[in-house]
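I opened my notebook beside this model to look up a few things, one entry at a time. Come and read along.

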Amino acid sequence: MVGGFYLTMGGVHLGIVAADTETYRHFADAGLFAFVRDGWQGIFMAHPASFGLMLAGGEVALGILLLLGGRYAAVGWAGVITFHLLLMLFGLGVWLWCIPALIALVVLARQDTTTRASRPRHHGPGVTP
């Protein structure tokens with residue numbers, strides 16, 4: 001579910017880049033720190049198409065890692081949790097999304113890694129554990 005969501009969000013960012021990168025302009029206006037607000041305007045908005053595509057690519061990569069499962073999913077879970085923690089720098093309004101999302105992500109990640117750890121390992125044909 002989370003992997004599919006991240007693939008979809010990558011597509012949303014691809015659409016924003018294709019339609020109008022000015023959509024990104026005010027995203028960091030409520031950033032908690034000056035370096036977030038200034039960095040967004042001075043770095044991201046200096047080349048919004050490039051950074052929007054990198055954002056889309058990162059979200060698609062995280063989605064693929066989660067959908068691949070196994071060890072890849074562990075990296076994907078770490079990535080989506082880190083993504084949401086960093087997203088919180090963009091203002092208290094974003095926290096309305098991030099806090100419930102982080103709770104859900106941590107629960108799902110723990111469930112996924114616990115389920116994965118309890119599965120019998122497949123050692124291949126003719127190999128005994």
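**Entry 1: R25 and its partner.** I looked up R25 and found this residue partly exposed, with a relative accessible area of 25%. My rule here is that buried means under 20% relative accessible area, exposed means over 50%, and partly exposed lies in between, with a 1.4 Å probe and protein chains only. R25 forms a salt bridge with E22, and the closest N and O atoms are 2.8 Å apart. I count a salt bridge when a side-chain nitrogen of Lys or Arg is within 4 Å of a carboxyl oxygen of Asp or Glu. E22 is partly exposed too, at 40% relative accessible area. How many salt bridges does the structure hold? I found one.

**A note to myself on the source.** This is a predicted model, where local features need pLDDT of at least 70 and side-chain atom pairs count only at pLDDT 80 or more, while totals for chains, interfaces and linings use all residues. Residues are numbered from 1 along each chain as its sequence is written, and side-chain values use heavy atoms, with hydrogens and water left out.

**Entry 2: the overall layout.** I listed the secondary structure next, and the chain has five helices and zero strands. Read from the N terminus, the elements run α-α-α-α-α. Helices (H or I, at least four residues) and strands (E, at least two) are DSSP runs, numbered from the N terminus. The chain has 129 residues, of which 31% count as buried.

**Entry 3: helix 1.** I checked the length of this helix against expectation. At 1.5 Å a residue, the 18 residues of helix 1 should span 26 Å, and its end C-alpha atoms are 25 Å apart, which agrees. The expected span is 1.5 Å times one less than the number of residues. Which residues of helix 1 are buried? They are V2, G3, Y6, G10, H13, I16 and V17. Seen down the axis of helix 1, these buried residues fall within an arc of 130°, so they line one face of the helix. The arc is taken from the directions from the helix axis to the C-beta atoms. On the other side of helix 1, I found A18 and A19 exposed.

I then picked out G10, which sits in helix 1 and is buried at 3% relative accessible area. The C-alpha atoms of G10 and E59 are 5.1 Å apart, although 49 residues separate the two along the chain.

**Entry 4: helix 3.** I looked up L55, which lies in helix 3 (residues 48-68). L55 is partly exposed, at 24% relative accessible area. From L55 to L14 is 41 residues along the chain, and their C-alpha atoms are separated by 8.8 Å.

**Entry 5: helix 4.** Helix 4 (residues 70-87) has 18 residues and reaches 26 Å from its first C-alpha to its last, close to the 26 Å expected at 1.5 Å a residue. I found A73, G76, W77, V80, I81, H84 and L87 buried in helix 4. They cover an arc of only 125° around the axis, which puts them on the same side of helix 4. On the other side of helix 4, R71, Y72 and V75 are exposed.

Is H84 buried or exposed? With 4% relative accessibility, H84 counts as buried. Its side chain reaches the backbone oxygen of V80 at 3.0 Å.

**Entry 6: two phenylalanines in loops.** F90 lies in the loop between helix 4 and helix 5 and counts as buried at 16% relative accessibility. F27 is in the loop between helix 1 and helix 2 and is partly exposed, at 38% relative accessible area. F90 and F27 are 63 residues apart in sequence and 7.5 Å apart in space, C-alpha to C-alpha. I also noted R37, ten residues along the chain from F27, with 8.8 Å between their C-alpha atoms.

**Entry 7: a nonpolar patch.** L32, F33, F35, L92, W95, I99, I103 and V107 make a nonpolar surface patch of about 780 Å². Patches are made of residues with over 30% relative accessible area and no salt bridge, with like charges joined within 9 Å and nonpolar side chains (Val, Leu, Ile, Met, Phe, Trp, Tyr) within 5 Å. The accessible areas come from the Shrake-Rupley method with a 1.4 Å probe, and for residues only the protein chains shown count as cover. Which helix gives the most to the nonpolar patch? I found that helix 5 (residues 92-118) does, with five residues. L32 is in the loop between helix 1 (2-19) and helix 2 (34-42), and is partly exposed at 35% relative accessible area.

Conventions
A polar contact is a pair of N or O atoms within 3.5 Å; within protein, one must be able to donate a hydrogen and the other to accept it, and residues adjacent in sequence count only if both atoms are side-chain atoms.
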